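Here is a friendly briefing to read alongside the model. Keep the viewer open and follow the topics in turn.

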Amino acid sequence: MIAQILNREFVLQQLDDVVKELGTLKTKRGAPLRKDFPEVDDQSITALHEAATAAIEREQEESSGQPGDASELRSGAAPIDDFSFVSRDPLVSNLQSALETYFVEKEPNRLAATGVQDDRRGGRAPVVTDQTIVRWQPRRTSDGRRLFNRFSTLDAGWVACKTAERWRKRNGPHHFVPEPRQSVPVSDRVRLILVGDWATGIPRARQVAAAIRAELDQGKRDGLEQHVVHLGDTYYAGWGEEYQRRFLPYWPVDDWEADSIGSWSLNGNHDMYSGGHGYYEVLLQDKRFRRQNGSSVFSLQNSKWQILGLDTAYYDHDLKDQTGWIQQQLTQSDHKLMFLSHHQLFSSYEKGGPKLEQKLEGTLATDRVRVWFWGHEHRCVFYKPYLHVEFARCVGHGGVPVYMWHGKNAAYPAPAFYEYRDRLARKLEPWAYMGFAVLDFDGPKINVRYINENGKRHYNPKALYDEQLF
């Protein structure tokens, strides 16, 4: 990721320029558009112009970046939108993808490594990113904000057409691949590693991957069957190039281990921001993910547990054609159920999942869904039994830099009973740690370890930092 494209002011400047360029292209109806974008026609330009104009209006009302409560921040912290603007607006996310692709493909000579020091945050490794655009450096305001001068030699026409090309794909999404009929058998003694919202490609996300790799190496020494599951989201908008740049090179399972260590990836909202084409056509075609057979849902089963990976992103925060499959899986055995998904069923901090709750009402009422892990929110939160789920856990803190908004001793909003609130030491901004979960199955029991990017356990020191499920 490039520092400037993680700055909201910079992105909105480019969005404004793109809208102006689109307006110019609209006045040239009938004239040939850029020859390097043969699929971009008058209709594509008009559709993007309308969507981009609406996005500007939305941004004027409220930032589409990461939510948070600044009231508990330490004094002197700058807005996170200055450093880690990861938009949840599909149009803005596609623009961010186009901007990065422009510099990577058209002007790579303008990209440089930030070095050891990453802006004012310092430290041995960059907290956010290690790439910047040369000759486009930030200036500081009196309150510590990071802004960029409005001077650009960027080809707004190329960025506009590139965004239109991918926005067109969003409006024609990849077809939903039917769910598998059979469950994949796994051992009763199996290790499942879960990481959510990981695919940013930044140095700290790579550090998370290295910590996962250490767990896999130990598991190999212990003779365990092992699987790694990504709970979804490749940033910014799930372009095929982004899986090739941010995901596949850093995935902790090597190509030659495809047969010995399972790799799985759920669909996330960012994966669908450009229609899911990159997710289906690039990621799921990689040989490490071939166990999924091209589908965004999967089922794992041993003698005690049935683990269902759900697609809650093809239809945003909803289920696409899966309720019948889920019911079929329930009737095949009386095993305990674990659900994995990108989106949350409920949350202490954001809106829950009313569509998920409605469509799964009958399944949840059976009380067989004993465990549910999800991502989406870039935090690590544990919940008390709620909506018929005994153990609900959010582990979406795998790769997106976020502030830890809450003090360590602040009360947990119901129904949460724990949140990982440690902050990186000696940083002016209150950056939260990233991490993942390691689930070791032993028959009906599951031992869960929650590990941060430095390979350190957290949560419960009295139980050797582990959580015992059942």
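Two strands pair if DSSP finds at least two bridges between them. Helices (H or I, at least four residues) and strands (E, at least two) are DSSP runs, numbered from the N terminus. This is a predicted model, in which local features need pLDDT of at least 70, side-chain atom pairs count only at pLDDT 80 or more, and totals for chains, interfaces and linings use all residues. Residues are numbered from 1 along each chain as its sequence is written, and side-chain values use heavy atoms, with hydrogens and water left out.

- Strand β16 (residues 435-442) pairs with β17 in the antiparallel sense over 8 bridges, and V438 stands opposite R449 in β17.
- The hairpin of β16 and β17 has 2 residues between the strands, and G443 there takes a positive phi near 65 degrees.
- β17 also pairs with β18 in the antiparallel sense, over 2 bridges; here Y450 has H458 in β18 as its bridge partner.
- The hairpin that β17 and β18 form has 4 residues between them, and G455 in the turn has a positive phi of about 80 degrees.
- β17 is mostly covered, with 7 of its 8 residues buried (buried means under 20% relative accessible area, exposed over 50%, partly exposed in between, with a 1.4 Å probe and protein chains only).
- E453 lies in the loop between β17 (445-452) and β18 (457-458), and E453 is buried, with a relative accessible area of 5%.
- E453 and G398 are 55 residues apart in sequence, while their C-alpha atoms are 8.3 Å apart in space.

**The open sheet**

- Strands of a sheet pair through backbone hydrogen bonds, either parallel or antiparallel.
- An open sheet of 8 strands has mixed pairing and runs in the order β5-β9-β10-β11-β12-β14-β13-β15.
- Its edge strands, each pairing on one side only, are β5 (184-185) and β15 (416-419).
- Towards β15, strand β13 (residues 380-383) pairs with β15 in the antiparallel sense over 3 bridges, and the bridge partner of Y383 is A416 in β15.

- All 5 of the 5 residues of strand β10 (residues 305-309) are buried, so β10 is largely enclosed by the rest of the structure.
- In a regular strand the side chains alternate between the two faces of the sheet.
- Both faces of β10 are covered, with W305, I307 and G309 buried on one side and Q306 and L308 buried on the other.
- Strand β9 (residues 298-301) pairs with β10 in the antiparallel sense over 4 bridges, and S299 stands opposite L308 in β10.
- β9 and β10 form a hairpin with 3 residues between them.
- β10 and strand β11 (residues 336-341) run parallel, joined by 5 bridges, and L308 stands opposite F339 in β11.
- From β10 the chain crosses through helix α8 (residues 323-332) to β11, and this β-α-β crossover is right-handed (with the strands pointing away from the viewer, the path from the first strand over the helix to the second runs clockwise).

**Helix α4**

- Helix α4 (residues 156-170) has 15 residues, which at 1.5 Å a residue should span 21 Å, and its end C-alpha atoms are 21 Å apart, which agrees (the expected span is 1.5 Å times one less than the number of residues).
- α4 is mostly covered, with 12 of its 15 residues buried; among them are W158, C161, K162, E165 and R166.

- On a 1 Å grid over the protein atoms alone, a cavity is a set of points where a 1.4 Å probe fits but cannot get out, and a pocket is an open set with protein on both sides within 12 Å along at least five of seven lines; lining residues have an atom within 4 Å of a point.
- Grid points are joined across faces, edges and corners, and a volume is the space filled by probe spheres set on the points.
- The count comes to 2 cavities of 30 Å³ or more.
- The largest cavity has a volume of about 210 Å³, and of the 21 residues that line it, H378, R379, V402, Y403 and W405 are the closest to its centre.
- The second largest cavity holds about 40 Å³ of space, and its lining includes Q66, D233, H376 and H378.
- The largest pocket holds about 910 Å³ of space; 37 residues line this pocket, of which G65, P67, R88, E350 and H376 lie nearest its centre.
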